[in-house]
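Thanks, everyone, for making the time. Today I would like to walk through the charged side-chain pairs in this model, so please keep the viewer open while I talk.

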Amino acid sequence: MATTVDQFYNSAAQVSARRTSAIRDALSIASPKYFGRSKEALERIPQNLDSRTIDTLKSWAESRDKRSLVHAKAGTSQQILSSGSFYTAHDLKGVGHTGGMTTENNLVAIRAGREVEQGLPYYDISKGQGDPISGLRPVSGENIPKNLSDVQASKLRAIYGEDIPIMHNYAYGSDVVKSQLGFQQYGASGSKSGYGERIILRPETSGRTKITLGDYLSDKNPTIFLDEMSEGANSAALIGTDVDTISTIAQRSSADHLKSGSRGYTKLETMTLGVGMHDIEAMIVAPGHISVDDLSDPLKRISAMNTAHGSFLDVGRMIHQSEQRMLASKYGIDYVQDIDQFRTEMHNPAMTKKFIEMQGLSNVQMDNLPKSATPLEAYLTSIKRGIDSGSTDIVGLGGMSSGDRGFVSETIQKHLNEYGMAKNKPFSATVDQAMKTNVGKITDVRTRAESMPMFQHIKKVDEMVSAKVASNAVPEKAFESAAVAVRRAAPTRQMMTASADAAAAVASKNSIGMRLAGAAATILRKRAI
């Protein structure tokens, strides 16, 4: 636990920014090549562009959201909040969070091979090998236009007024489905396209998020870091330099994006390293995403009553979602109850008065509700008052027995009390919480990497070659040794690339490159023995 005030963070955004800094630092040791540019990316980023092309590329970059959208299967948010971790395909038990397009073992192998090409270390869990960056493997998401947030906001403002504050400007609304965004295989459930949950990652993660055109696993297009797009020319690695086409895409309205559908949509996948709880900005979850098996016993009982009496809305699931929201708030996560039938933001007090009128809640008024009451509080209070008064005109619960009435009323009141207290709890997190990964701490990654034999070899050769460089003894033999080892060793593509890079460095008499050359020679020689 933190012992001084300055070890506490006042917002999840601060935690996420600190995590980005710490992860980049850890990977500078564990995977230094991950932060380099691939040959393919460099070829697609022209060195000399005219000002019009650069301005157009910047305009396109500014039209994109720095928050990654992760499509997830129904139930994913429940798993994340109950475990306290966002697992990836490499964690096996977490593969269902973002896909299911292949078997667990196959997906791990496919991703591991692709990540090696990106500069991350490979390991084979089936051989008992440990992951040198365990807990930091990337989570796949999608980069979308900023103005898609206007879809839901415009609908709500048409109901509540143009000046109404929008609480969840990333809810997007049911109109924005995966098939229109391009990623059809992620988060699908059965035949319902777009049925999966949505998880939004914070913009502070952009410094450890790579982005690529198309599908990361199959298309194999060049990648750049998400926070590098705004520099203009870098965006050419993703979308080329056709000014007219880029300008058209950048200027599309949210409606134009939806009309164009997946055929006219620029599909861009993101890969964010080391996603932790404080890196999640929002979870967008519909009642249909909640399994009855995940409800507590009291809420299962209420849900069963709703089903028996033909309710269009399950109060048991509604309370469960509200409980999940309170749990999520501890991490600074905005849990969005995405209830289409209500056409409101369930936790936005600015919408409560109009919501009461729209739903015809005649037994509640603003002056007899708690201060800053939300639509959720108004709705549950109305149901409780109807139950307590003996009314049978309660949608889905009108046929309850007298014993059930007392039970439901007590359950609702208990939740309203907890909800009221939770609204005023401030957010705070410690350094320990900020540095947590799925399996340990970010600082452990650097320690593990430095202790691995591969890095010990690098360290020893680095010291030896540095001494030679200092005495002006240029190690021309270093690359020659590497070349011999390459022929004898059947090395990985990563090591072959390293030896090639070393050759160029030696030729240019670059001291850092010469040390890399010596390191590559030693590693490859070890592999050849």
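By a salt bridge I mean a side-chain nitrogen of Lys or Arg lying within 4 Å of a carboxyl oxygen of Asp or Glu. Please bear in mind that what you are looking at is a predicted model. On that criterion, the structure holds 16 salt bridges, and I will take up a few of them.

Let me begin with Arg301 and Asp404, whose side chains meet in a salt bridge at 2.8 Å, N to O. This pair links distant parts of the chain, since Arg301 sits in helix H11, residues 297-308, while Asp404 belongs to helix H15, residues 402-422, and the two are 103 residues apart.

Because Arg137 lies in the loop between helix H5 (104-118) and strand S3 (139-143), whereas Glu115 is in helix H5 itself, the pair ties together parts that are 22 residues apart in sequence. Are these two residues buried or exposed? Both Arg137 and Glu115 are buried.

Finally, please look at Arg19, Arg208 and Asp279, which are linked in a network of salt bridges.

Notes
Residues are numbered from 1 along each chain as its sequence is written. This is a predicted model: local features need pLDDT of at least 70, side-chain atom pairs count only at pLDDT 80 or more; totals for chains, interfaces and linings use all residues. Side-chain values use heavy atoms; hydrogens and water are left out. Helices (H or I, at least four residues) and strands (E, at least two) are DSSP runs, numbered from the N terminus. Buried means under 20% relative accessible area, exposed over 50%, partly exposed in between (1.4 Å probe, protein chains only).
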